[in-house]
Amino acid sequence: MTSNNLEMRIGLEAYKLSEKLNGDIDTGENTVTNRKQKYGESTLMLYPGFAYHFSRLNILDVYVGAELPLGWNTNTVKLTEEDYVNNTTKRSFVLGLGAFIGLQAYIADLPLALGLEYGISSRLDTGLKYKNELTVDNQTTVTYSPTGNFSHINSRAD
């Protein structure tokens, strides 16, 4: 609290997901050996913000505030089959704006409160390009496109 009514706050979000699939695929006609699929996504976000508290009493407190989410997102999909490697990557800076309203009730004379908060926010993803690296027979081609395939491994249909 910087004053009786103004609270400065900062939040942190760190998230990482990684999936791997290794093995042989037998389709009946052709068998693909040594197939490897990797999927990964990660997020690192900071949420600096402030809240204005309407009550100076430590009984029931109503407040409103705003936050400015900013950070990084990364998505990667890699498919390897014998002499074929397809690697798609998207890295982007994320900037947003959020607002919230909250209610908290202090427990006895302790510095402990039970609260409820509702908010809405929006984010702008600045990474509009996907980097596609395709290697066939040791020949690599790099292209950039506005779309990419970032579904999880177990939701893909072969």
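Start by selecting Ser3, which sits in the segment before strand 1 (6-26). Strands here are DSSP runs of E with at least two residues, and helices are runs of H or I with at least four, numbered from the N terminus.

Before moving on, note that this is a predicted model: local features need pLDDT of at least 70, side-chain atom pairs count only at pLDDT 80 or more, and totals for chains, interfaces and linings use all residues. Residues are numbered from 1 along each chain as its sequence is written, and side-chain values use heavy atoms, with hydrogens and water left out.

**Colour by confidence.** pLDDT is the predictor's confidence in each residue, from 0 to 100. The protein chain has a mean of 84, and 87% of its residues reach 70 or more. Among its elements, strand 3 (residues 60-67) has the highest mean, 93. Strand 8 (residues 139-145) has the lowest, 86.

The cut-offs: buried is under 20% relative accessible area, exposed is over 50%, and partly exposed is in between (1.4 Å probe, protein chains only). Ser3 and His53 are 50 residues apart in sequence, and their C-alpha atoms are 9.8 Å apart in space.

**Next, the salt bridges.** Side chains of opposite charge can pair when their charged atoms come close. A salt bridge here is a side-chain nitrogen of Lys or Arg within 4 Å of a carboxyl oxygen of Asp or Glu. The whole structure has four.

Select Glu7, Arg9 and Glu117, which are linked in a network of salt bridges.

- Glu7 to Arg9: 3.4 Å, N to O. Glu7 is buried because its relative accessible area is 17%. Arg9, at 22%, is partly exposed.
- Arg9 to Glu117: the closest N and O atoms are 3.3 Å apart. This pair links distant parts of the chain, with Arg9 in strand 1 and Glu117 in strand 6 (residues 113-125), 108 residues apart. Glu117 is partly exposed, at 40%.

**Last stop: Lys90 and Asp125.** Their salt bridge has its closest N and O atoms 3.0 Å apart. Again, distant parts of the chain are linked: Lys90 is in strand 5 (residues 84-106), Asp125 is in strand 6, and 35 residues separate them. Asp125 counts as partly exposed, at 28%.
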